[in-house]
Every structure is written in structure tokens, then in C-alpha cells.
There are 2 protein chains.
Amino acid sequence: MTYCVGILVSGGLVMIADTRTNAGIDNIATFRKLHVFETPGERVIGVATSGNLSISQSVLALLQEGILNQETGQIENLMNVQSMFQAAHLVGRAMRRVYEMDGQALEQHGLTFDMKVLLGGQIGDAPMRLYHIYSEGNSIEATPDTPYLQIGEPKYGKPILDRAISHDVEVRDALKIGLISMDSTLQSNLSVGLPIDVLVVRRDELEAAVSHRIGDDDAYFRDLRDRWSKALRAAHQSIPHPPYAELL
Amino acid sequence: MTYCVGILVSGGLVMIADTRTNAGIDNIATFRKLHVFETPGERVIGVATSGNLSISQSVLALLQEGILNQETGQIENLMNVQSMFQAAHLVGRAMRRVYEMDGQALEQHGLTFDMKVLLGGQIGDAPMRLYHIYSEGNSIEATPDTPYLQIGEPKYGKPILDRAISHDVEVRDALKIGLISMDSTLQSNLSVGLPIDVLVVRRDELEAAVSHRIGDDDAYFRDLRDRWSKALRAAHQSIPHPPYAELL
């Protein structure tokens, strides 16, 4: 399993992804799921993947090598597309290309063609965007009404996002809330694991403000987890008991 | 969808269930999912159900009418079984009986025979117990290591249980934490809805200490939701920003 979350607020973009993959619970490995494509001052793009690792790696290879655009005759890759909208279409085409190559064989073996992508970033003068791209290659985009998108196992980490994230939250708060959301998922789902990768991009800066890996020994993340646990305990302890529980 | 949680701590039992049923998102109704079978001083049993409403209602009818026990020649129902262990077996047999009646027809129409039960309570001198009974009629039991069980949509409400519930938590705290768990689920899943039903039984009292329905107008639950939201906000605000986010 996987947990990746992307948050697009007025000040910029936060993307966070774990690194645990598993093919059965006795076959666990660490693979980077959050990939950064960057030319500082020109573009910065984060690609987070969930689902079948073989499909994800093939799609990423295509995004680097490029795909021929029949209309323009150009080889398009993530380093030369001109907007995030074009980048989302390129990712979708790469996923469809891999489906053409591997989909039938996977299905013959009873496997589903399953891969999802969070794609966020900014290119040149074009607007900063965050997309969720489905296995079929189509996509949806984050908006001020719904400023975050998740792939993988979304449920454990969703309540804190629902309560705390809005479009006008500061970027550094969005980062902190995203890390709390990741912590909730790590606590409840063994198939999501450290280390986690973090990308933060401020709007119109066209380079990563933070590109950081958090491992077991990360003092800040350990402190955050500890403080959050204590704060939750204090929070429920501060709530009065129900009036109908007076006799309990 | 449904959310029901049962918590068995040293001092007693808490069961909480929502009441929303849906057959498609435009066919929503309210049905009680938490049923109490009680003879004060002799037995008190809570039955919470998730899954197909038709199956649940048939099973409940059988639990009231009774099922012939071939070994003893007795008609057994929830009001005459002698222990919670027997009660769990009775529920399992009722589910298998309904599967015999309806399972094949459901499967012919592409439907899964899906029903789960939380069964908690105490009978006479026998120990207080809490079971999760599966569609197949088999069951697992809560233990001091894992003192809570959930059916329906468990994920949104699980993080607070994982952090705050242990066997030695007081009953009234278990109730409060269970209500917070329900609130998290209500916040994130539209198919779980008010009113919610609550049953609390103190160990060895053999009658309900609390049997209460919480509706939209329940002042305490509204206050709990409001306080919990504010406390979560205060909690994440009190956590420092990451050291690598100083420039954000």
C-alpha cells in the first residue's frame, strides 16, 4: 500500500509520500514514490505514484524518455512540456502506453491494471496545479474548494485534512498538517512506512523550497508524532463526560 | 454504509452505532442498527449490525423467534441462551440460516451475502464479552490486548481508538472516545449519519447503564464535536514548524 498526499494552497504546493512497497506481507521493500523533476527558475514538478510498482516504474521511465506527440511531431517529456495541464496529459498518455504494453498480460493473470499519480508543480508563467491521474489516464485537479488530493490509503489521514486544510492555510502549516496526516496513516496501516519524502514549492518560485527525506532518526518528525499523540490525549481528556454518563 | 464500534474495558462495555442505510445515494433511510436485549438483573445484550439490511432484519427476527438446537431439542433465542459464547454461536447459526434462505438468490443477482455483527453483553454469572461475527457465522472476540472491535467503515474512526483505548480506560472515557471515533467517521463519510445509538453496560450490573439515542439536537454531542474540532486545531497549531521549513 501507499499513502501520498498533495496540498495546493494559495502560497504553494506540498507533496508527501511514503516509500513502502509490498508484494505480500513477507515481501516488503523501500522504493521512492515521490519524484522531482526540476530546472530551477524554469520548472519544478512532483510526481507521486501508487499501485503496481512495475507499472509506476515504466510510466516514470516514459516520462523521462519522452513520448512522441503525433500532432506536433515532438518527443514530449516532463522537462519540456509547457504547462502542468500538458504534463497531466503526458502522464495520462504514458499510463495508457504502459497499459497497451502490459495491461492484457496483467489481466490474463487476474491482476488489475492499477496505478495512480499525484502530479503537482509549476512551469514558467503557467499556473501552479495539482492533479490526481487515474489508471485510465484521465485526471481531476485540486481547486480552492478541495485543495488536497490523496492516493493510496486515504482514510486514516483524511479527518485531519478535512478539518484543518483550506486554500488560505499557510504553506508551512499545510506541510505540518500533511505530516500529521501521514503520521495518522503510519499509526494505523502497517503497509505504509518510513522513510517519507517531502516536496514543498512556493508559488511562482519555480524551484523546490523543501525536498527532504524523513527517516526513522528524524528528530522533528519524532517530536511531531509525540506531540500529536499527547495533544490528542489532552484533547479528549479536556472534553466533559456526557450528562447521561454521570452515574458511570 | 455503517459505523458501529464496541469497546470492552475492565469496567464494562460501550457500543455505539449510527442509523443510516442507503441503497444508492438517492435512497437513504434511518434504521436502528443497535438492538438491546435486556432482562435487568439477568442479562443485557447489544447487537449491532452492518451490511445488507434485509439480511440483518432476517437475522434479528430469528434471534427473537429462536432457532431449534438439534442437540438439546430447545428453541434458543437471545433471551434464553446461557452465556455470551452461546449467544455468539446463536447469531452465527442465524446468519447461516438466512444464507441458506437467501444467499443463492442474492448471488444469482450478483450481490454478496454481506452482514456483520458486533455482539456484546453479559448473561448471569458468565463473563462479559464482545464479539465480531462475520458473514460466514464465525467470530472473533475482543481481548485486553485489543479491546475494541468495529464493523462497517472502520478507518476514519480508528486512529483515535488506536491511540486512546486500552483495557484499563474507564468506562465513561471509553464512551467519550467512542463518540469522538463516531464523530470522525461522520465528518468524513456521508453514508454514516445521525442519529446514533449508544449502549453502556457496567461489568456485573446486568442492565444497561446508558441506552441513549443522540440526534441532531443533542447538546452534549454538538458540544463534543465542537470542542474536538477546536482541540485538534489547537493541537496542530501548538506543534512547531519543521526546521527545514524556516524559510517558508
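Let's start at A:Asn69. Beyond its neighbours within four places in sequence, A:Asn69 is in contact with A:Gln74, A:Glu76 and A:Arg93. Contact here means heavy atoms within 4.5 Å.

A word on the model. It is predicted, so local features need pLDDT of at least 70 and side-chain atom pairs pLDDT 80 or more, while totals for chains, interfaces and linings use all residues. Residues count from 1 along each chain as written, chains are lettered from A and ligands numbered from 1 in written order, and side-chain values use heavy atoms, without hydrogens or water.

Back to A:Asn69. It sits in the loop between β7 (67-68) and β8 (75-76) of chain A. Strands are DSSP runs of E, at least two residues, and helices are runs of H or I, at least four, numbered from the N terminus. Is A:Asn69 buried or exposed? Buried, because its relative accessibility is 13%, and buried means under 20% (exposed is over 50%, partly exposed in between; 1.4 Å probe, protein chains only).

Now the interface. Chain B gives 48 residues to the contact, chain A gives 47. Together they bury about 4500 Å², 66% of it on carbon and sulfur atoms. Buried area is the accessible area (1.4 Å probe) that two parts lose on being put together, summed over both. On chain B, B:Arg163, B:Tyr244 and B:Leu248 lose the most area to chain A, together 20% of what that side buries.

How many salt bridges cross the interface? The rule finds 4. That rule wants a side-chain nitrogen of Lys or Arg within 4 Å of a carboxyl oxygen of Asp or Glu. One salt bridge joins A:Lys155 to B:Glu153, at 2.5 Å, N to O.
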